[in-house]
Amino acid sequence: MARGVLLAVAVVLLLPYLAAPLYRVVDPVSTLMLGRWLTGRRVDRIDVPIERVSGALPLAVLAAEDERFCSHHGIDWQEIRAALAAADDDIAVARGGSTITQQVAKNLFLWPGRSLVRKALELPLALWIDLVLPKRRIMEIYLNIAEWGPHGEFGAEAGARAAFGKSAAALDLHEAALMASILPNPVRRSARRPGVGVRRLAGLYEARARGASLLAACLGSLRVAEAAAAEAATSAWRGDPL
């Protein structure tokens, strides 16, 4: 009996490691999406390749969530040390420090909320995902499974349509920064009707992303040219110096 339980636990723990390499070619769904489907709640998700997403959005997401995405291996130890220091070395209350890869691991295989158990499972999974999936694919998965609205909107395409009535391919840098600003809590925050806090964060992320295409150097043929064009259009519209 005990051996059977241990074997079942081992299988459950190993399943994410077996599934992750398949996501090179299979479009996954998140545990949050599955939870909504199982409880009969709305899920609005349109999966799109990264080639059909404005280059401004990955740049804004990197500026907001993980500026060292291209240089770390799934875990940003520097950011974790800073988060622990801010929390007086109490990992149970430490905030921040989660990379995009860690968020992919959590969204695909784990559960939301703060937990030492979840974090202990998340860290090796992030290292494994970074090993078996290219950075470009990790970003593509993230953009398609992130929750981006209060009514079951998942992924950049559904989020852009809900917030701005346009495709994710047509986002400019300011709109992308607004979308990046609501990622921590898309139920309370709105890109369509941004409050003062969201507008302030969007301005910060937009400033970080301007001319920072090197942040996305590991994403290969990302439409950085489109991001630059969107940035130039935004600057021209506002009368900013180019």
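**Burial, core and salt bridges**

Trainee: What is the relative accessible area of lysine 166?

Mentor: Lysine 166 has a relative accessible area of 25% and is partly exposed. Buried means under 20%, exposed means over 50%, and partly exposed lies in between, with a 1.4 Å probe and protein chains only. Before going on: this is a predicted model, where local features need pLDDT of at least 70 and side-chain atom pairs count only at pLDDT 80 or more, while totals for chains, interfaces and linings use all residues. Residues are numbered from 1 along each chain as its sequence is written, and side-chain values use heavy atoms, leaving out hydrogens and water.

Trainee: Which side chain does lysine 166 meet in a salt bridge?

Mentor: That of glutamate 175, at 3.0 Å from N to O. A salt bridge here is a side-chain nitrogen of Lys or Arg within 4 Å of a carboxyl oxygen of Asp or Glu. Glutamate 175 counts as buried, at 12% relative accessibility.

Trainee: How many salt bridges are there by that rule?

Mentor: The count is 14. Among them, arginine 68 pairs with aspartate 76, and their closest N and O atoms are 2.9 Å apart. Arginine 68 is partly exposed at 27%, whereas aspartate 76 is buried at 7%.

Trainee: Which residues are linked in a network of salt bridges?

Mentor: Asp27, Arg137 and Glu140.

Trainee: And what does glutamate 157 form a salt bridge with?

Mentor: With arginine 161, the closest N and O atoms being 2.8 Å apart. Glutamate 157 is buried, with a relative accessible area of 2%, while arginine 161 is partly exposed at 46%.

Trainee: Since α8 came up, where does glycine 159 lie?

Mentor: In helix α8 as well. Helices (H or I, at least four residues) and strands (E, at least two) are DSSP runs, numbered from the N terminus. Glycine 159 is buried at 2% relative accessibility. It touches Trp148 and Met179, leaving aside residues up to four places away in sequence; contact means heavy atoms within 4.5 Å. The C-alpha atoms of glycine 159 and arginine 45 are separated by 8.6 Å, with the two residues 114 apart along the chain.

Trainee: Stepping back, how many helices and strands are in the protein chain?

Mentor: There are 11 helices and two strands. From the N terminus the order is α-α-β-α-α-α-α-α-β-α-α-α-α. Of the 242 residues, 44% count as buried. Among contacts with a separation of 6 or more, 70% come from residues 24 or more positions apart.

Trainee: Which residues touch the most other members of the largest nonpolar core?

Mentor: Leu57, Val61, Ile100, Leu143 and Trp148, out of 58 residues in that core. The elements giving two or more residues to this core are α3 (56–65), α5 (100–109), α6 (116–132), α7 (135–145), α8 (156–164), α9 (173–181) and α10 (196–209). The largest share, eight residues, comes from α3. As for the term, a nonpolar core is a set of buried Ala, Val, Leu, Ile, Met, Phe, Trp, Tyr and Cys residues joined through side-chain atoms within 4.5 Å.

Trainee: What does leucine 57 touch?

Mentor: Leu143, Trp148, Ala156, Leu171, Ala176 and Met179, with residues up to four places away in sequence not counted.

Trainee: How many residues of α5 are buried?

Mentor: Nine of its 10, which leaves α5 mostly covered. The buried ones include Thr101, Gln102, Gln103 and Asn107.

Trainee: Is glutamate 153 buried or exposed?

Mentor: Buried, at 6% relative accessibility. Glutamate 153 lies in strand β2 (residues 153–154). A polar atom of its side chain is 2.9 Å from the backbone nitrogen of histidine 151. Not counting residues up to four places away in sequence, glutamate 153 touches Arg42, Asp44, Ala146, Glu147, Trp148, Ala158 and Ala162.

Trainee: Now the outside. Which residues form a nonpolar patch on the surface?

Mentor: Leu7, Val11, Leu14, Leu15 and Leu18, with about 510 Å² of accessible area together. Patches are made of residues with over 30% relative accessible area and no salt bridge; like charges are joined within 9 Å, and nonpolar side chains (Val, Leu, Ile, Met, Phe, Trp, Tyr) within 5 Å. Leucine 15 lies in helix α1 (residues 2–19) and is partly exposed at 47%.

Trainee: What does the accessible surface of the protein chain come to?

Mentor: About 12400 Å², of which 61% belongs to carbon and sulfur atoms. Accessible areas come from the Shrake-Rupley method with a 1.4 Å probe, and for residues only the protein chains shown count as cover.

Terms used: Polar contact = N/O pair within 3.5 Å; in protein donor to acceptor, adjacent residues only side chain to side chain.
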